[in-house]
Amino acid sequence: MTHKIALLAAALMLPATLALADEPKGDAAHGKQLFLADGCYECHGYVGQGGPGLRLAPNPKPPVAIAAYIRNPVGEMPPYTSAVLSDQGIRDIYAYLSTIPAAPKLADIPLLKVGE
Ligand code: HEC
């Protein structure tokens, strides 16, 4: 019985796994354009560092989580329907957010070293 359930679960998960593997990659340069053109930067900062909206980068959340929030925000953020921002557009924005490097540690910024 348990064995059958495990098999069924595996069979059900297979298409989802395949679909993820087939997922087209995002275009970071286009994602940056969208991030500016669609006004994300107004609330999330030019490099996703945050502002009135949350910090989105570096290390953005997975694309599915980002897409889910953009389509159905629950707080202050306005929703972006697929008429305004396509699924591919969201992948592109994710690709852009993924290219944003982490800020250097304060200790690694020479100008901030006083009296050394
Ligand atoms: C008017 C301001 C505003 C704009 C414009 C805006 N956001 Fe947001 N966003 C927010 C705020 C505020 C939050 C925090 C949750 C909330 O209140 O909705 C948020 C949350 C998010 C989250 C969830 C983050 C997390 O860690 O859970 C994502 C992803 C996101 N925004 C992406 C975007 C993208 C991409 C765009 C452009 C297509 C965009 N936002 C445009 C204000 C904005």
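**View 1. The elements of the protein run α-α-α-α-α from the N terminus on.** The secondary structure comes to five helices and zero strands, where helices (H or I, at least four residues) and strands (E, at least two) are DSSP runs numbered from the N terminus. This is a predicted model, in which local features need pLDDT of at least 70 and side-chain atom pairs count only at pLDDT 80 or more, while totals for chains, interfaces and linings use all residues. Residues are numbered from 1 along each chain as its sequence is written, and side-chain values use heavy atoms, with hydrogens and water left out. Of the 116 residues, 22% count as buried; buried means under 20% relative accessible area, exposed over 50%, and partly exposed in between (1.4 Å probe, protein chains only). Taking contacts between residues at least 6 apart in sequence, 54% join residues at least 24 apart, a contact being heavy atoms within 4.5 Å.

**View 2. His44 and Met77 are the protein donors of the iron atom of the ligand.** Look for His44 NE2 and Met77 SD, lying 2.0 Å from the iron atom. Donors here are N, O and S atoms within 2.8 Å of the metal (3.2 Å for Na, K and Ca); water is not among the atoms, so sites may look incomplete. The site is octahedral, with angles of 86 to 179° among its six donor atoms. By the rule used, four donors count as tetrahedral if all angles lie between 85 and 135 degrees; four count as square planar and six as octahedral if opposite donors are over 155 degrees apart and all others between 65 and 115; anything else is irregular. His44 lies in helix α3 (residues 40-44) and Met77 in the loop between α4 (63-71) and α5 (87-99), so the pair ties together parts that are 33 residues apart in sequence. His44 counts as buried at 11% relative accessibility, whereas Met77 is partly exposed at 22%. Leaving aside neighbours within four places in sequence, the contacts of His44 include Phe35, Leu54 and Met77.

**View 3. Helix α4 passes α5 in a right-handed crossing.** A crossing is left-handed if the near helix is turned anticlockwise from the far one by less than a right angle, and right-handed if clockwise. The two axes come within 10 Å and cross at roughly 125°, which makes α4 oblique to α5. Axes are lines fitted to C-alpha atoms, for helices over the stretch in contact, and angles run from 0 to 180 degrees between N-to-C directions. Angles under 35 degrees count as roughly parallel, over 145 as roughly antiparallel, 65 to 115 as roughly perpendicular and the rest as oblique. Pro63, Ile66, Ala67, Ile70 and Arg71 of α4 meet Asp87, Ile90, Tyr94 and Leu97 of α5.

**View 4. Helix α2 (residues 28-37) and α5 have axes that come within 7 Å.** They cross at roughly 100° and are therefore roughly perpendicular to each other. Among the residues making this contact are Leu34 and Phe35 of α2 and Ile93, Tyr96 and Leu97 of α5. Also in α5 is Gln88, partly exposed at 29% relative accessible area. Not counting residues up to four places away in sequence, Gln88 touches Pro24, Lys25 and Gly26.

**View 5. A cis peptide bond joins Ala57 and Pro58.** Omega is about 0° at this bond, and Pro58 sits in the loop between α3 and α4. Asn59 lies in the loop between α3 and α4 and has a phi near 55°, a positive value in a residue other than glycine. Asn59 is exposed, with a relative accessible area of 70%.
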